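Visitor: I would like to go through this structure with you. Could we begin with how the chains meet?

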Amino acid sequence: MTAVHRQSLIIKARHGIHTRPGALFVKAAKGFEADIRLACDGKEANGKSLFKLQTLPLSCGAQVEIIASGQDAHQAVEALAALLSELE
Amino acid sequence: MGFLSRIRRMVSGQPPVEGGVDILAPVSGQLVSLENVPDKVFAEKIVGDGIAIEPSGKQLCAPISGTLAKIFENNHAFSIESPHGIELFVHFGVGTVELGGKGFTRLKEEGSQVEAGEPVIELDLKSIKQEIPCVLTPVVVANMEDIASMTQKTGSVTAGKDTIFTVTMQ
């Protein structure tokens with residue numbers, strides 16, 4: 001059950017994923033057992049660390065991929081992709 | 001995660017941290033509790049634990065020596081990682097992202113090494129205060145899982161000189 005699940009999406013938040021949306025994403029990601037990573041512009045970072053996440057260029061219009069591996073990876077990717085596209 | 005930070009220190013050749021590490025005020029002003037910041041990601045410590053400052057100064061300085069991991073596009077916040085592995089966020093005001101950088105001037109670049117107390121961002125406090133309702137500036141440790149304890153100060157502080165809190169590592 002360690003299949004890797006991935007989903008790509010475009011960031012729509014007007015100011016990109018800055019501190020507030022970033023913190024909410026990380027809080028949600030920490031709710032899953034799965035290892036969560038975000039990939040953007042050829043760089044990857046731990047989706048459970050706001051500090052690491054903020055080193056990615058997560059600006060409005062950027063394409064980002066959520067990569068999850070572990071037991072609840074499938075649910076994690078679905079929930080986090082939905083959250084990330086809703087965040088403002 | 002404390003285990004990981006110990007491994008990182010060993011790999012990077014850093015000696016184990018003895019005693020507490022002092023975090024300095026990035027901006028002059030009055031210390032207030034994080035709970036008073038009208039943004040739940042700070043008030044509820046979702047970003048991390050720390051303290052906020054009601055600023056009166058005109059510069060945001062590095063609160064600790066280390067590497068500037070990120071300076072936000074709009075120059076209203078930055079993050080810094082110390083050689084001990086302490087990850088800190090300094091975020092000027094609430095809703096400041098809306099200003100689009102107006103009133104802020106970047107003095108350093110991302111990825112550069114800075115000494116505690118070195119100015120990172122210059123700010124036009126008067127004009128920023130007219131634009132946003134709250135200029136409380138949270139200073140928080142993002143990786144609380146690596147921190148064993150935190151002792152906070154109270155009162156007024158001078159940027160780059162006074163300690164705002166002291167942490168001990170796991």
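Guide: Two residues are in contact here if their C-beta atoms, placed from the backbone, lie within 7 Å. Please bear in mind that this is a predicted model.

Visitor: How many residues of chain B are in contact with chain A?

Guide: There are 15 residues of chain B in contact with 12 residues of chain A.

Visitor: Which strands of chain B supply residues of that side?

Guide: Strands β5 (66-71), β6 and β7 of chain B each supply at least two residues of the side that touches chain A. By class, that side of chain B has eight nonpolar, three polar and four charged residues.

Visitor: Let us turn to helix α1 of chain A. Why is it described as largely enclosed?

Guide: Helix α1 of chain A spans residues 19-29, and eight of its 11 residues are buried, so the rest of the structure largely encloses it. The buried residues are A:Thr19, A:Arg20, A:Pro21, A:Gly22, A:Ala23, A:Phe25, A:Val26 and A:Ala29.

Visitor: What do these buried residues pack against?

Guide: In chain A, they pack against β2 (35-40), α2 (50-53) and α3 (73-86). Their partners in chain B are α2 (40-43), β6 (77-81) and β7 (87-91).

Visitor: In what order do the strands of the open sheet in chain A run?

Guide: The order is β1-β4-β2-β3, four strands with antiparallel pairing. Strands β1 (4-10) and β3 (43-46) of chain A stand at the edges with a single partner strand each, so one side of each has no neighbour in the sheet. Neighbouring strands of this sheet are turned by 20° against each other on average, direction ignored.

Visitor: How many bridges join β2(A) and β4(A)?

Guide: Strands β2(A) and β4(A), the latter covering residues 63-69, pair over six bridges. A:Val64 in β4(A) stands opposite A:Cys40.

Visitor: Where does α3(A) lie?

Guide: Helix α3(A) lies across β1, β2 and β4 of chain A, and runs at about 10° to β1(A).

Visitor: Now chain B. Which residues does the UniProt domain annotation cover?

Guide: An unreviewed UniProt entry annotates residues 39-143 of chain B as "domain: PTS EIIA type-1". Over those residues the chain is 10% helix and 39% strand, with the end C-alpha atoms 19 Å apart.

Visitor: And β3(B): which strands does it pair with?

Guide: Strand β3(B) pairs in the antiparallel sense with β2(B), residues 29-32, over four bridges, and with β11(B), residues 137-141, over five bridges. B:Glu54 is the bridge partner of B:Gln30, while B:Asp49 stands opposite B:Val141. Five of the seven residues of β3(B) are buried, so this strand is largely enclosed by the rest of the structure.

Notes: Residues are numbered from 1 along each chain as its sequence is written. Chains are lettered from A and ligands numbered from 1 in the order in which they are written. This is a predicted model: local features need pLDDT of at least 70, side-chain atom pairs count only at pLDDT 80 or more; totals for chains, interfaces and linings use all residues. A residue is buried if 20 or more other C-beta atoms lie within 10 Å of its own, exposed if 12 or fewer, and partly exposed in between; C-beta atoms are placed from the backbone. Two strands pair if DSSP finds at least two bridges between them. Axes are lines fitted to C-alpha atoms, for helices over the stretch in contact, and angles run from 0 to 180 degrees between N-to-C directions. Ala, Val, Leu, Ile, Met, Phe, Trp, Tyr, Cys and Pro count as nonpolar, Asp, Glu, Lys and Arg as charged, and the others, Gly among them, as polar. UniProt positions are given in the numbering used here, feature names are shortened, and annotations may be inferred rather than shown by experiment.
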